[in-house]
Amino acid sequence: MTPFAPARDFLHATLEGRFAGPRQWQTATLSLQWLAEGVLALAPLDAADALDHVLLSTGIHGNETAPIEVVNSIVNDLLAGAMPLRCRLLVMLGNPVAMRSGARFTDYDMNRLFNGAHISQPQAQEARRAAELEQLAADFFRAAPAGVQRLHYDLHTAIRGSVFEKFAIYPYTDGRPHKREQLLWLESADVSTLLLHSKPAATFSYYTSHHFHADALTLELGKARPFGDNDLARFAGIDRALRHLVSGSTPPLPAYDASRFAVFHAKYDLVKHSEQFKLHLADSVENFTALPHGMTIAEDGDIRYVADGGEERILFPNPKVGVGLRAGIVISPCQLD
Ligand SMILES: O=C(O)CCC(=O)N[C@@H](CCC(=O)O)C(=O)O
Ligand SMILES: [Zn+2]
């Protein structure tokens with residue numbers, strides 16, 4: 001008997017606020033732990049020690065609903081026994097409060113609060129939640145024996161449309177190499193555009209990459225739309241690749257060939273230093289739009305952000321962020337190291 005009843009499933013139980021303390025139960029094939037609101041751990045009943053550890057987080061931004069629906073449908077199929085589980089899987093619906101409000105966040109952007117940054121915003125509900133998710137992710141990855149894969153895919157959708165509809169963000173790796181096999185797996189999910197971050201960040205994927213050397217990626221899978229408005233056919237690639245991943249049935253992947261990927265690196269952030277910040281890009285400008293050499297991208301008091309060289313592009317332009325936060329990233333093409 002599922003403890004999610006009478007809500008229909010894990011997502012609906014979460015949206016209805018039905019978590020009432022940790023619960024543990026079994027199906028014919030799985031061991032389940034409802035660890036916290038929106039956090040479910042799944043393992044095969046006959047789990048061997050050496051299973052890969054896979055963390056799928058979604059809804060870190062509450063209005064990015066399509067990947068939440070994708071992951072929930074995978075959980076439903078695992079619980080129904082319609083698909084085998086061949087890893088230890090931790091599923092996180094990151095920000096239930098914001099999910100209920102249909103908002104990116106309610107108090108503070110949660111993906112600026114990991115790596116201890118939650119301490120700086122003690123009044124924000126997202127700060128308490130980021131601390132809780134950090135602890136649960138830490139417990140999960142610390143229990144992984146040496147030699148097993150530690151994977152973290154943090155699934156998002158973007159505010160704006162995008163020249164490349166789907167792309168992945170590789171958090172700063174602290175000098176560790178970027179893994180070709182991660183790119184090949186992304187390609188199997190119809191994602192062949194990659195941004196390499198060039199510095200530490202307070203994001204969830206950097207947290208697990210930095211502390212647990214997880215192969216962690218933030219995935220941007222399309223445009224953010226409310227629950228019920230998503231065309232899930234546009235998310236078929238990630239749905240397929242995740243199902244293969246958790247059921248241990250990923251087909252052999254082709255050899256790596258750089259020509260199949262578009263790779264960019266983050267040059268610098270447009271930082272909103274004050275309320276005078278003015279972005280000189282229309283709301284209709286899409287992610288990855290090229291910035292002509294010499295163009296003033298944004299101004300903030302005496303600071304001018306000017307495009308240089310003709311190869312730069314803009315990512316995540318958003319003048320509405322809070323003061324002190326990133327209001328866009330200037331990126332340029334690069335080769336994988
Ligand atoms: O569309 C936007 O402006 C933001 C989409 C989004 O939530 N992106 C992530 C990227 C995380 C990263 O840069 O590593 C975020 O802003 O948190
Ligand atoms: Zn997001």
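**Close-up views of a zinc site and its surroundings**

View 1. Histidine 61 sits in the loop between β4 and α2; helices (H or I, at least four residues) and strands (E, at least two) are DSSP runs, numbered from the N terminus. The model is predicted: local features need pLDDT of at least 70 and side-chain atom pairs pLDDT 80 or more, while totals for chains, interfaces and linings use all residues. Residues are numbered from 1 along each chain as its sequence is written, chains are lettered from A and ligands numbered from 1 in the order in which they are written, and side-chain values use heavy atoms, leaving out hydrogens and water. With a relative accessibility of 3%, histidine 61 counts as buried (under 20% relative accessible area; exposed is over 50% and partly exposed in between, with a 1.4 Å probe and protein chains only). Its contacts (heavy atoms within 4.5 Å) are Ala103, Arg104, Asp109, Asn111 and His156, leaving aside residues up to four places away in sequence.

**View 2. Here is the zinc ion (ligand 2) with its donors.** His61 (ND1), Glu64 (OE), Glu64 (OE) and His156 (ND1) coordinate the zinc ion (ligand 2) at 2.0 to 2.3 Å. Donors are N, O and S atoms within 2.8 Å of the metal (3.2 Å for Na, K and Ca), and sites may look incomplete because water is not among the atoms. Along the sequence, the donor residues follow the spacing H-x2-E-x91-H. Distant parts of the chain are linked here: glutamate 64 is in the loop between β4 (53-58) and α2 (66-79), and histidine 156, 92 residues apart from it, is in strand β6 (residues 150-158). Glutamate 64 is buried, at 2% relative accessible area, and histidine 156 is buried with 2%. A UniProt "binding site" annotation, from an unreviewed entry, covers His61, Glu64 and His156; its positions follow the numbering used here, feature names are shortened, and annotations may be inferred rather than shown by experiment. These residues span 96 residues in sequence, yet no two of their C-alpha atoms are more than 7.4 Å apart, so they gather at one spot.

**View 3. Now look around histidine 156.** The side chain of histidine 156 makes a polar contact with the side chain of histidine 61 at 3.2 Å. Such a contact is a pair of N or O atoms within 3.5 Å; within protein, one must be able to donate a hydrogen and the other to accept it, and residues adjacent in sequence count only if both atoms are side-chain atoms. Among the residues that histidine 156 touches are Ile60, Pro67, Asn111, Thr218 and Glu220.

**View 4. Leucine 89 belongs to the largest nonpolar core.** In this core of 52 residues, Leu89 and Leu242 touch the most other members. A nonpolar core joins buried Ala, Val, Leu, Ile, Met, Phe, Trp, Tyr and Cys residues through side-chain atoms within 4.5 Å. Helix α2 gives the most to this core, with seven residues. Another core, of 40 residues, lies apart from it and includes Phe114, Ala127, Leu133 and Phe140.

**View 5. Finally, visit threonine 14 in helix α1 (residues 10-15).** Threonine 14 counts as buried, at 1% relative accessibility. Its side chain reaches the backbone oxygen of phenylalanine 10 at 2.7 Å. Threonine 14 also touches residues including Glu37, Gly38 and Leu93.
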